[in-house]
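Take a look at the model below.

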Amino acid sequence: MIFSTYPKALALAALVGAALASAAPARAQANDGASAGMPAMDHSRMEGMDHGHTDHGQHGMGHGQHGQTHDMDHGRHNGTHAPSVESRTPIPRLTDADRKAAFLDSAGHAVHDKMINSLFLVDRLEWQDARNGSALNWDFKGWIGGDIDRLWFSSEGERLGGSLHEAEIQALWGHSISPWWDLVGGVRHDFKPGSSQTWAAFGVQGLALYNFEASAIAFVGENGQTAARLKGEYDILITNRLILQPAAEVNFFGKNDEGRGIGRGLSSTEVGIRLRYEIRREFAPYLGVTWNRVYGKTADYARDHGESRGDTRFVVGVRMWF
Amino acid sequence: MQIKTSRRTFVTALAAGGVLGGLGLWRAPVWASTDPGAPHVLAGAEFDLVIGETPVNFTGNARTAMTVNGGIPGPLLRWKEGDTVTLRVRNKLRDATSIHWHGILLPANMDGVPGLSFHGIAPDGMYVYTFKVRQSGTYWYHSHSGFQEQSGVYGPLIIDPEDPEPFTYDRDYVVMLSDWTDEDPMRIMRKLKKQSDYYNYNKRTVGDFIRDVSEKGWRATIADRKMWAEMRMNPTDLADVSGHTYTYLLNGHAPDDGWTALFRPGERIRLRFINGSAMTYFDVRIPGLKMTVVAADGQNVAPVAVDEFRIAVAETYDVIVEPSGQDAYTIFAQSMDRTGFARGTLAVREGLQAGVPAPDPRPVLSMEDMGMDHGSAHGVDHGHLAGMEHGQAASGGTGDMQSHPASEENNPLVDMQTTTPVPKLDDPGIGLRNNGRRVLTYADLRSAFEDPDGREPGRTIELHLTGHMEKFAWSFDGIKFSDAKPVVLKYGERVRIVLVNDTMMTHPIHLHGMWSDLEDEHGNFLVRKHTVDMPPGSRRSYRVTADALGRWAYHCHLLYHMEAGMFREIRVEE
């Protein structure tokens, strides 16, 4: 079983994934003093709540402005009039004409709450000033579906020095398991490096914090290779149109694959920072810098091929969505 | 839309309106833009309305609107209490349409909600609405089909009372506020589904962070940013659709165009404010004038003098003003998120204008606004809760947490739950507190009549307003309309509906066919309404007498929230 053979990478991926996931529920903060403590929104913490109607009888709320009483107890109601049995305004006796007018034989009203929506995001389409020539790099992603279940698709890759260096596509089914996290599973296909290969993919993705998207996905390849990839990106608003986006990607592999220049364990990282200007929400050119680095055995393979461990690149590109 | 109130003048206007309607003058594009202030009144008991496409230009770009009788807004319909009215509505659109008479008591098959009341009006089809008018006051009408209301299918509706009103006035104007977009509303919906903060260009930036640090210190600023980040929410999220795409209209006039109503100094002017927007709350004031609110949602209230009021989507307020001392006054209606305003003028003659105030500073939501307790973290963790009981009540909290329906638990469509909601009836609202003006609150509203039912409700139905900002999914109790069962009421019963807002947005909740009798904190009858505003962090209750048999719509009147699923069928059965 692959899991037992290559536990380290997967365990690490799972660990980071779990760390991301555990950041999901907002935690109670016992802030002393004036700063507000935010009550947890985590639903699980609501379990065991008293669903009976609590007595909100106290007045004189500390905030001064809003006195409140929720008197759900009908018996203690203190209206201005004694409760009556009959409505003061007579309720008309129903006629057959009323009955005929009342119930339409129809499946009901339709709103747009089951609409199939979609997003196609060209997150990165950029020219990179690489050490050995220029590179064209892309990262596309998108989804189609409803609010809970969505088909996610993505592609990323790189043309380096005029030839395709890396290229992959993914198609994952995503299902929301909490307000902020989706479980995803599906397939990934690599065209490069080396000969093409196909992977099964599964993991989690979501919103770790406001403006902070994260994903942790594990892959099992057809040849017994395993891999894990962690990604995160965060939007920092310099203005409402000028947005600085730090992003990071970390790749792990289960075993050495010398043909593709991939070593076991932590293999590569890619850290970037991009400054985009949203001319429209849908269209934003950007400038940036990325730092790519390889580690361990992967670095050894790179050195054997006369390549360096790291590469700093200036990038120019455009972000678009439809 | 000036209508003198003497009976004789009214009858004349009525005849003129009828003639205009009969001649088909409704074909003229956007009535209001050519003849400022001119009324387009249809009065009487028989009406012919045509829903069709009309070229408009509110922004400098030619667009095609959907209109009633060619106008935005549609014609002012003037009915008389006690009459039986007949309205023949023809559809010249390519899609099915409908007209819903907002706030009107009528048989279910006259209510105009496709799939609940009737089958809609097919292209080239007609539906004849006919019913007895059992109420009076200021109302409105609009399409209940898809996004047609956003595209222009709405208009004002006045019902003159059988009995004299408890207030007097010399002139009578409708002030209908609305939001226009050059975009296809369906495209707006799709954009919101892709990026829910698409229209918010007022999010907090690095600059705001630096300013907050210098004003409040590192510790407080970091704590504040951390809370919002962990909630995955944005405190500047006050309107899902903003002035970035909307042009705010007053009686169909864009702000730089402007609508003018005339007065003579010393006259008492009745202004009938109607919020016919798809998504926009307005904060309304007339600098230099006190406004005496005399009716809310068409129902007379004990007069209350204010400087400003917030009008939720679909609400109406009638106010009386007595302009004197100035030749012109600005009717200023800024959107709640301060991204724009609608504007009109009260003047002694055409062509005059008064100064237009700058919009107020943009409000930023606080945890307290959202019904999140502050001052301590109690009520979060059950370990704490158990040890706390009611002992801490004196320190500022109730010590009791709001309970939530089981359907909200582990529900990916529920991104937030309020912990300590309060009625907030005396709260002017976000962005209106301590602004130096006397702002109307729900606590100021007292129906001019006693509780028309008088019975204590036999049971309580608690519903929570729920949603997910990022997914732009909206619901009651975490269940979207398509997945929900109808709420069933028994004919004749009196029920109490308790609403709890578990979102960070403000929702105007509208029940068709029956009144919503708002209660105060002690369960006393306050005011009769058709649309009840629910700010974030609020818990409000009202009574409903189920005196209308049939299938009724019950929904958030923010159009895109309704279409995203914040909707229920209420079924009144025998």
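Chain A has four helices and 13 strands. Helices (H or I, at least four residues) and strands (E, at least two) are DSSP runs, numbered from the N terminus. This is a predicted model: local features need pLDDT of at least 70, side-chain atom pairs count only at pLDDT 80 or more, and totals for chains, interfaces and linings use all residues. Residues are numbered from 1 along each chain as its sequence is written, while chains are lettered from A and ligands numbered from 1 in the order in which they are written.

Of the 322 residues in chain A, 31% are buried (20 or more other C-beta atoms within 10 Å of a residue's own, with C-beta atoms placed from the backbone).

Now move to chain B. Helix H5 (residues 206-216) of chain B packs against helix H6 (residues 218-231) of chain B at about 135 degrees, their axes 7 Å apart. Axes are lines fitted to C-alpha atoms, for helices over the stretch in contact, and angles run from 0 to 180 degrees between N-to-C directions. H5(B) is therefore oblique to H6(B). Angles under 35 degrees count as roughly parallel, over 145 as roughly antiparallel, 65 to 115 as roughly perpendicular and the rest as oblique.

The sheet is next. Five strands of chain B form an open, mixed sheet in the order E23-E31-E30-E25-E28. Strands E23 (487-490) and E28 (531-534) of chain B stand at the edges with a single partner strand each, so one side of each has no neighbour in the sheet. E23(B) pairs with strand E31 (residues 567-573) of chain B in the parallel sense, over four bridges; pairing takes at least two DSSP bridges. Lys490(B) stands opposite Glu573(B) in E31(B).

Technical notes. A residue is buried if 20 or more other C-beta atoms lie within 10 Å of its own, exposed if 12 or fewer, and partly exposed in between; C-beta atoms are placed from the backbone.
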